[in-house]
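Open the model in your viewer and keep the selection panel at hand. We will go from stop to stop.

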Amino acid sequence: MEIKSTLIQKYFKGLTEQQIARFDQLYSLYSFWNAQINVISRKDIDELYERHILHSLGIAKFCTFKPGEKVLDVGTGGGFPGIPLAILFPDTQFHLVDSIGKKIKVVTEVAAALGLENVKASHLRAEQVTDKYDFVVSRAVTRLIDFYPWIKGKFNKESKNAVPNGILYLKGGDLAEEIAESRLKAELYPLSAYFKEEFFETKYVVYIPQ
């Protein structure tokens, strides 16, 4: 059974042939690597396009990254949200980091197989990263109160984007308590406004200006 990226094309019009080909490749690549190094739940592999790729691209419905911008993906795991975003924004530079080396191996192999020249993968903790970025993205790595100190001070001062530099965090459920606990000025954007699948009913992009 070959699973194609028609779900991605449904919500993102005007993709190039190369982008479609790369999205199409993700299923076979992740099926292969996930069998060796478990980076996503085994039962989730058939839901890859909805629960991992389209979910990652929810960030792109809120913020269009510009050519030359730099994005840090913290706790990327097997490459989410960084790899799908790097396919969508080939002129933006993505740095994917994770503290687990075998997960970064998967990221490196997937990026190489796709020919993604705008992806750098590093086996690092977020606190060890020394560069500056326009945006930090992440997918529910930990509570915001713990996450924010890892990336504080890693932002470029000047914004090139209509969305000012900051954190774009994918998270689900009732987030009021977590945001209050963090004392951060956070804005919530429901993914259900963009995607009709039931999975997205309780999912958000959490935007925190730097």
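Select the charged side chains. There are 27 positive and 26 negative ones, where Lys and Arg count as positive, Asp and Glu as negative, and His and the chain ends are not counted. The centres of the two sets lie 4 Å apart, with each charge placed at NZ of Lys, CZ of Arg, CG of Asp or CD of Glu.

Before moving on, note that this is a predicted model, in which local features need pLDDT of at least 70, side-chain atom pairs count only at pLDDT 80 or more, and totals for chains, interfaces and linings use all residues. Residues are numbered from 1 along each chain as its sequence is written, and side-chain values use heavy atoms, without hydrogens and water.

Now colour by secondary structure. Look for seven helices and seven strands; these are DSSP runs, helices (H or I) of at least four residues and strands (E) of at least two, numbered from the N terminus.

Next, go inside. Buried residues make up 52% of the 210 in the chain (buried means under 20% relative accessible area, with a 1.4 Å probe and protein chains only).

Select Phe 12, Leu 26, Phe 65, Ile 83 and Leu 168. Within the largest nonpolar core, of 54 residues, they touch the most other members. Such a core is a set of buried Ala, Val, Leu, Ile, Met, Phe, Trp, Tyr and Cys residues joined through side-chain atoms within 4.5 Å. Helix α3, residues 48–62, gives the most to this core: eight residues.

Last, select Val 97, Val 129, Tyr 133 and Val 136. They are included in a second, separate core of 18 residues.

Terms used: Buried < 20%, exposed > 50% of the residue type's maximum accessible area, 1.4 Å probe, protein only.
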